[in-house]
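Q: I would like to learn how individual features of a protein model are read. May we proceed feature by feature, with the general idea before the particular case?

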Amino acid sequence: MKKIVIINGPNLNRLGKREPEIYGSETLKDLETYVTDVATTLSCQVEFRQSNHEGDIIDWIHEAEGVKDGIILNPGAFTHYSYAIRDAVASVTVPLIEVHVSNVHAREEFRHHSVIAPVATGQIVGLGFTGYELALCALMK
């Protein structure tokens, strides 16, 4: 059975409260329930992590090496400037899909560039929670 870790970065713990006109009214717990249900149908295991701290995210990416079959990462605002997370992604062989709930390309200019995308396996943006489902399906193939 494949094992996937889902890492959510800064402010994702505020889903449902933070800018619901952009991110919707569903919570991080709702996301975890949704993805767990999808994982059950795909016969894989998922583990969820969330942190507002860059070092935690880096450590979790490193820890996935040789243990997990894939990583789904929503790096939040770290997407646009964390070369440390970018380097962590580049340092592991685990396939990693970058996911964003909102369409970052339709938002503020500073959100249009990802330093993570060039070293990620793929990127999914703007599809809400469905983006996580699509990332999980891609990692299962």
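Q: Is asparagine 11 buried, partly exposed or exposed?
A: The structure is a predicted model. Burial is read from relative accessible area, where under 20% is buried, over 50% is exposed, and the range in between is partly exposed. Asparagine 11 has a relative accessibility of 36%, so this residue counts as partly exposed.

Q: Where is asparagine 11 placed, and what is its phi?
A: As a general idea, most residues other than glycine have a negative phi. In this model, phi of asparagine 11 is near 75 degrees, a positive value in a residue that is not glycine. Asparagine 11 lies in the loop between strand S1 (3-8) and helix H1 (20-23).

Q: What is phi of glutamate 19, and in which loop is glutamate 19 found?
A: Glutamate 19 also belongs to the loop between S1 and H1. Its phi is near 40 degrees, again positive in a residue other than glycine. With 29% relative accessibility, glutamate 19 counts as partly exposed.

Q: Which residues does asparagine 13 contact, beyond its neighbours within four places in sequence?
A: Contacts are read here with sequence neighbours set aside. Asparagine 13, in the loop between S1 and H1, is in contact with Leu28, Gln50 and Asn52 once neighbours within four places are left out. Its relative accessibility is 36%, and asparagine 13 therefore counts as partly exposed. Separation in sequence and separation in space can be read side by side: asparagine 13 and alanine 64 are 51 residues apart in sequence and 22 Å apart in space, taken from C-alpha to C-alpha.

Q: How is a pair of helices described, for example H2 and H5: at what angle do their axes cross?
A: One reads the approach of the axes, then the crossing angle, then the residues in contact. The axes of helix H2 (residues 28-42) and helix H5 (residues 130-140) come within 10 Å and cross at roughly 30 degrees. Angles under 35 degrees count as roughly parallel, so H2 is roughly parallel to H5. The crossing of H2 past H5 is right-handed. On the side of H2, the contact is made by Leu31, Tyr34, Val35, Val38, Ala39 and Leu42; on the side of H5, by Thr130, Tyr132, Glu133, Leu136, Cys137 and Met140. By class, these residues of the contact of H2 with H5 comprise 10 nonpolar, one polar and one charged.

Q: At what angle do the axes of H3 and H4 cross, and which residues make the contact?
A: The axes of helix H3 (residues 54-64) and helix H4 (residues 83-91) cross at roughly 5 degrees and come within 9 Å. H3 and H4 are therefore roughly parallel to each other. H3 contributes Glu54, Ile57, Ile58, Ile61 and His62 to the contact, while H4 contributes Ala84, Ile85, Ala88, Val89 and Ser91. The contact of H3 with H4 divides into seven nonpolar, two polar and one charged residues.

Q: Which residues does alanine 117 touch, not counting residues up to four places away in sequence?
A: Alanine 117 touches Glu98 and Gln123 under that condition. Alanine 117 is in the loop between strand S4 (96-100) and strand S5 (122-125), and counts as partly exposed at 28% relative accessibility. Alanine 117 and threonine 79 are 38 residues apart in sequence and 8.4 Å apart in space, C-alpha to C-alpha.

Q: Where is glutamine 123 placed, and which residues does glutamine 123 touch?
A: Glutamine 123 lies in strand S5. Leaving out residues up to four places away in sequence, glutamine 123 touches Glu98, His100, His105, Ser114 and Ala117. Its relative accessible area is 33%, and glutamine 123 is partly exposed.

Methods:
Residues numbered from 1 in each chain as written. Predicted model: local features only at pLDDT ≥ 70, side-chain atom pairs only at ≥ 80, totals over all residues. Heavy atoms only, no water. Axes fitted to C-alpha atoms, helices over the stretch in contact; angles between N-to-C directions. Helix = DSSP H or I, 4+ residues; strand = E, 2+ residues; numbered from the N terminus. Parallel < 35°, antiparallel > 145°, perpendicular 65-115°, else oblique. Left-handed = near helix turned anticlockwise from the far one by under 90°. Contact = heavy atoms within 4.5 Å. Nonpolar A, V, L, I, M, F, W, Y, C, P; charged D, E, K, R; others polar. Buried < 20%, exposed > 50% of the residue type's maximum accessible area, 1.4 Å probe, protein only.
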